[in-house]
Amino acid sequence: DDGYRLWLRYDRIENETYRTQAAPALGRIVLATPSGAESPTVAAARDELTTALGNLLGATPVITLEKLPAASSAVARSSDAFSVSSPSSFTPHSSPLTISASSDLGILYGTFALLRHLQTGQPLENLSLTSYPKIQHRLLNHWDDLNGHVERGYAGSSLWEWFYLPEIRNPRYHDYARACASLGLNGTVLTNVNANAQILTAPYLAKVAALAGEFRPYGIRVYLTARFSAPIEIGGLKTADPLDPAVAAWWKTKVAEIYRAIPDFGGFLVKANSEGQPGPQDYKRTHADGANLLADAVAPHGGIIMWRAFVYSPDNNDDRVKQAVTEFAPLDGKFRDNVIVQIKNGPLDFMPREPFSPLFGAMPKTRLAAELQITQEYLGQSTQLAFLAPMWREFLDADTFANGPGTTIASLIDGSTKRQQPSVIAGVANTGTDRNWTGHLLAQANWYAFGRLTWDHSLTSEQIADEWTKMTFGHDASVVSTITKLLLGSRETVVNYSMPLGLTHIMAEGHHYGPGPWVDKLGRADWTSVYYHRAAATGLGFNRTATGSNALAQYSPAIAQRYGSLTDCPENLLLWFHHVAWDHRLRSGRTLWDELCLRYQQGVDEVRAMRRDWDSLKGRIDDERFTHIQQRLTRQELDAIEWRDACLLYFQTFSKRPFPAGIEPPAHPLSHYISQKRRHMPGDPSGK
Ligand code: BDP
């Protein structure tokens with residue numbers, strides 16, 4: 001099995017009792033839609049049911065369409081809501097199973113929910129599933145260049161074949177849309193945030209329209225990244241100044257052209273004045289001026305602007321993690337209603353562990369979106385296993401105290417705290433042209449987890465891991481328990497062997513794979529590792545309390561107080577907020593140095609346990625997938641050992657202390673690890 005089918009495998013259900021019970025329950029299905037008429041979306045639902053049930057049960061259902069009774073309110077909550085109901089027993093005369101929804105798209109979502117129910121082996125009698133998405137716009141962000149390269153992509157090239165489009169449409173587009181819709185995702189930004197204005201020219205728009213046409217039946221709307229200087233680059237203007245009327249007119253005309261080609265175009269995602277991208281500050285204007293310019297252009301068509309807050313200015317020498325708040329908080333209340341400020345989960349950059357970005361609590365009058373990274377740029381890319389649901393849960397559940405206790409990140413982005421629409425959540429995609437879509441087969445679980453959380457951010461990591469495993473690997477109890485255990489512990493394992501105790505940004509330069517705590521001289525101080533770990537004879541870590549950069553002051557007082565105290569700060573963020581003496585005793589009673597050493601060792605030990613657990617599955621899953629994952633775990637152990645040895649030898653030059661008992665001695669001197677630059681990565685060798 002090459003993994004192409006993702007979690008939509010639909011292999012025949014092995015449990016015969018369940019299969020025999022399921023067949024009559026699913027023999028007759030009614031789709032109750034607002035119009036009762038067939039549409040491309042209803043046809044997609046019907047096709048999915050026919051194929052899936054044919055394969056899962058070996059039986060073809062009789063599917064009929066009905067008009068939803070006007071009084072039906074169960075599904076009125078959101079246009080995407082659905083309900084699935086079935087009788088308590090299945091006789092030839094009992095009522096059929098019904099999927100109802102107030103939109104055709106709701107029928108499709110209900111279809112996938114029903115199939116998931118079946119694929120995870122749940123009872124079919126008395127079914128009463130009702131569901132609606134908590135967040136309105138649920139997007140993948142593809143960092144795909146027009147030449148096919150994917151920035152921070154580790155699963156092959158871009159899925160979008162620009163050269164062949166619009167005439168030649170790869171069947172993968174259809175499967176991509178199905179997979180996204182099965183999770184409830186409803187939008188895709190096709191292009192890299194480091195944008196190319198060419199995408200906005202007529203030939204490319206025709207290609208984008210072809211993709212939009214492929215995705216439309218599955219409810220996936222298309223969005224693009226807008227390069228701020230496009231009016232100059234493709235419009236022939238002398239300026240892109242957002243307050244210049246000619247610039248505003250250019251964008252209005254361009255946007256009208258886009259909507260003629262793609263009537264349901266979603267809007268733009270913009271990276272401006274960040275890492276060399278052009279933006280409004282080039283004209284001494286603000287981010288709000290820039291965002292509002294584009295917002296006014298798309299507003300008549302119902303479009304939205306996602307304006308990224310990933311900024312750190314070349315002229316600002318302040319602690320990098322403070323800069324987004326410094327730049328954006330003063331602009332609170334100045335953005336149009338269809339602008340959403342899109343914020344990465346942490347204040348730095350998708351590290352294995354960060355505290356939540358304080359910007360989420362600092363803009364009460366602005367719509368805020370969360371940007372997560374599904375592609376594992378800093379967590380072993382597509383070589384290492386890191387299931388990210390626990391990381392995203394940690395973030396969504398974080399209490400900002402912005403409106404008093406209980407103001408979680410989830411409540412701020414789903415609009416329930418601020419009652420503001422549109423609400424948006426975005427994930428940087430981990431897909432590519434690799435046959436299994438995500439490079440590492442188990443990384444499919446991250447695409448799955450992200451999608452499921454965008455629909456329902458109250459799902460637990462355990463639920464998600466359990467569903468995904470059953471849908472992807474079947475129901476053998478030892479397979480399910482082993483794989484879910486592997487998934488659930490994996491992110492913490494990566495943290496342990498790479499950046500434990502709140503360490504951050506100490507990876508190799510450029511490609512970001514493997515250790516590089518010694519990285520010091522780069523174009524900017526805040527691209528180096530030494531900037532972040534501050535290792536010295538005095539200790540380790542970045543002092544962000546009042547006696548240091550005072551980044552803590554950007555959080556609510558409740559958090560600033562707790563995290564500012566050396567004894568109360570959560571230990572998993574200790575070195576993020578504090579510079580800690582090597583002999584300082586942690587909760588374990590051990591010194592910082594000993595604890596640090598043992599965490600690195602623990603990470604290695606955990607990978608070894610993962611390998612043993614995986615090996616126990618030999619013969620219980622197909623050889624192709626077994627070997628694919630076995631090889632990657634073998635490599636992960638070597639990588640974990642390299643992280644441990646390189647970091648401990650390097651930090652030892654400052655701590656000047658011996659390794660405590662239980663630490664395996666490194667095989668090489670520090671100089672060996674420093675010379676292992678590994679510049680030839682399959683992914684992106686040219687980043688920062
Ligand atoms: C960093 C990536 C870089 C992206 C940047 C961004 O290393 O490739 O362009 O984020 O989010 O994580 O804009």
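**View 1. Strand 12 within the predicted model.** All 6 of the 6 residues of strand 12 (residues 368-373) are buried, so this strand is largely enclosed by the rest of the structure. Here a residue counts as buried if 20 or more other C-beta atoms, placed from the backbone, lie within 10 Å of its own, and strands are DSSP runs (E, at least two residues), numbered from the N terminus. Both faces of the strand are covered, with L368, A370 and L372 buried on one side and A369, E371 and Q373 buried on the other. The model is a predicted one, in which local features need pLDDT of at least 70 and side-chain atom pairs count only at pLDDT 80 or more, whereas totals for chains, interfaces and linings use all residues. Residues are numbered from 1 along each chain as its sequence is written.

View 2. Strand 11 (residues 339-344) runs parallel to strand 12 and is joined to it by 4 bridges, and Q342 has A369 as its bridge partner in strand 12. Strand 13 (residues 424-428) also pairs with strand 12 in the parallel sense, over 4 bridges; two strands are said to pair if DSSP finds at least two bridges between them. A370 stands opposite I425 in strand 13, while L372 has G427 as its bridge partner in that strand. These strands belong to a closed barrel of 8 strands with parallel pairing, which runs 6-7-8-9-10-11-12-13. Neighbouring strands of this sheet are turned by 25° against each other on average, direction ignored, with axes taken as lines fitted to C-alpha atoms.

View 3. Leaving aside residues up to four places away in sequence, I409 touches F356, F360, A370, F395, L396, A398 and T400, where contact means C-beta atoms, placed from the backbone, within 7 Å.

Definitions and conventions:
Buried ≥ 20, exposed ≤ 12 C-beta atoms within 10 Å, placed from the backbone. Axes fitted to C-alpha atoms, helices over the stretch in contact; angles between N-to-C directions. Contact = placed C-beta atoms within 7 Å.
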